[in-house]
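Subject: Structure handover

Hello,

Here is the structure I said I would pass on. Please load it first; my notes follow below it.

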Amino acid sequence: MKHHLNTLFIQTQGTYLAKEGEAVLVKVDKKVLLRVPVHNLGGIVCFGRVGLSASLMGLCGERGVAISMLSESGMFRARINGFTSGNVLLRRQQYRLTDDSAGAASIARAIVSAKVANGRSVLLRTLRDNSDLPGKADVDAAARRMAMALEQLQPPLPSQTAAPLSLDSVRGLEGEAANTYFGVFDHLIIAQKPEPNREQSATGASAGFAFRTRSRRPPLDAVNALLSFLYAMLGHDARSACECVGLDPQVGFLHRDRPGRAGLGLDLMEEFRPYLADRLALSLINRRQVSPAGFTVTESGAVSMDDATRKAVISAYQKRKQEQVVHPYLGEKVSVGLLIHLQARLMARHIRGELDAYPAFIWK
């Protein structure tokens, strides 16, 4: 099995990346801090003011190492790729399937089912591990509502006459389940809560970790800033996984086509939002691995992380990707970081007709 390639994250402002033979040089103030062979890399992610030489971009393009440019807070800005690899027949079939309403709805249903199931597992695990959880009744009720959504997402049996769900119906159920899940997300935060009636310190730092609603552009609290940052890194991995197997990351099934949006990459990462990003965010907060002081609130209300916090989050994300789990469909023990690449390959096999249905990742 192919080993998961590493991603190089650059978050120090003013860093410059250059080429030296077949290696990537990482320089700060003209001092070389790191030298990484390009064949050891699967991607490079740059946050904020990071410079790159033209020769390095050319080398990465030739070697299939994608470079993603993000803002300091993790908002995607641009991506540098080489030629798209893979079988053109696979991409042609992908386009045909996205235009087929029944085929697209079937894949979208599998993706949303996995996302809802994994989100429900996050709620149930929290209830199991915290018998005196504040808001326990609300979390339990949310888990039951998500179980009902899962029943609605199940495909009809051959003996049943009910019509399969349409794509719009699948999207509607996904939206309802997401509202239910995030409606109790604050109860899952059991440490570092803000003091009553105190939202922000005099220095502009976040006063604590509290979640009211999902806000993205910009994130309006520390929890949303943390989630958005993790989702940005997960999105980079998902898009890279699509590219690696020859799929077009722009053309998805659940997400509508939109210029500049990696629809299939977003589809692929939906299954992993609760399992990888949300669980990690809660762990970082509840284990006090990040502090409210590491999040700054601007005059506009936007919240961003400082360099030390961003470094801690990246380190925790990379460490989590090295953990070993058994893939629920393949039955093989693999690293967490390899899961999304395996899902891209299973997606490609389904599109080619080798699998009757797409086996989305469900956390067990």
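The largest cavity has a volume of about 50 Å³. This is a predicted model, and a search through the whole of it turns up 1 cavity of 30 Å³ or more. The residues that line the largest cavity are Leu234, Asp237, Phe272, Leu276, Tyr317, Lys321, Val336, Gly337 and Ile340. At least two lining residues come from each of α6, α8, α9 (307–321) and α10. Helix α10 gives the largest share of the lining, 3 residues.

Some detail on two of those helices. Helix α10 covers residues 336–351, which makes 16 residues. From its first C-alpha to its last, α10 reaches 24 Å, close to the 22 Å expected at 1.5 Å a residue. Most of α10 is covered, with 14 of its 16 residues buried. After α10 comes Gly353, which has a positive phi near 95 degrees.

Helix α6 spans residues 222–245 and contains Asn224. Asn224 counts as buried because its relative accessibility is 0%, where the cut-off for buried is under 20%. Leaving aside residues up to four places away in sequence, Asn224 touches Phe211, Thr213, Arg214, Ser215 and Pro219.

Next, the sheet. An open sheet is formed by 4 strands in the order β4-β3-β2-β6, with mixed pairing. Its edge strands, β4 (31–37) and β6 (50–52), each pair on one side only. From one strand to the next the twist averages 25 degrees. Within this sheet, β3 (residues 23–28) and β4 pair in the antiparallel sense, over 6 bridges. One of the residues to look at there is Val28, whose bridge partner in β4 is Lys31. Helix α1 (residues 54–63) lies across β2 (15–20), β3 and β6, and runs at about 65 degrees to β2.

A parallel pairing is found between β1 and strand β5 (residues 41–47), over 5 bridges. Phe9 stands opposite Val45 of β5. Strand β1 (residues 6–10) is largely enclosed by the rest of the structure, because 4 of its 5 residues are buried.

Last, the backbone angles. Most residues other than glycine have a negative phi, and two exceptions may be worth a look when you go through the torsions.

- Lys30 is not a glycine, yet has a positive phi of about 70 degrees. Lys30 sits in the loop between β3 and β4. Is Lys30 buried or exposed? Lys30 is exposed, because its relative accessible area is 82% and the cut-off for exposed is over 50%.
- Arg288, also a residue other than glycine, has a positive phi near 60 degrees. Its place is in the loop between α8 (272–286) and β9 (295–297). Arg288 counts as exposed too, because its relative accessibility is 57%.

To recap the main items: the cavity of about 50 Å³, the open sheet of 4 strands, and the positive phi values at Lys30 and Arg288.

Regards

Notes
Residues numbered from 1 in each chain as written. Predicted model: local features only at pLDDT ≥ 70, side-chain atom pairs only at ≥ 80, totals over all residues. Heavy atoms only, no water. Pairing = 2+ DSSP bridges. Axes fitted to C-alpha atoms, helices over the stretch in contact; angles between N-to-C directions. Contact = heavy atoms within 4.5 Å. Buried < 20%, exposed > 50% of the residue type's maximum accessible area, 1.4 Å probe, protein only. Expected span 1.5 Å × (residues − 1). 1 Å grid on protein atoms, 1.4 Å probe; cavity = no way out; pocket = protein on both sides within 12 Å on 5 of 7 lines; lining within 4 Å. Points joined across faces, edges and corners; volume = space filled by probe spheres on them.
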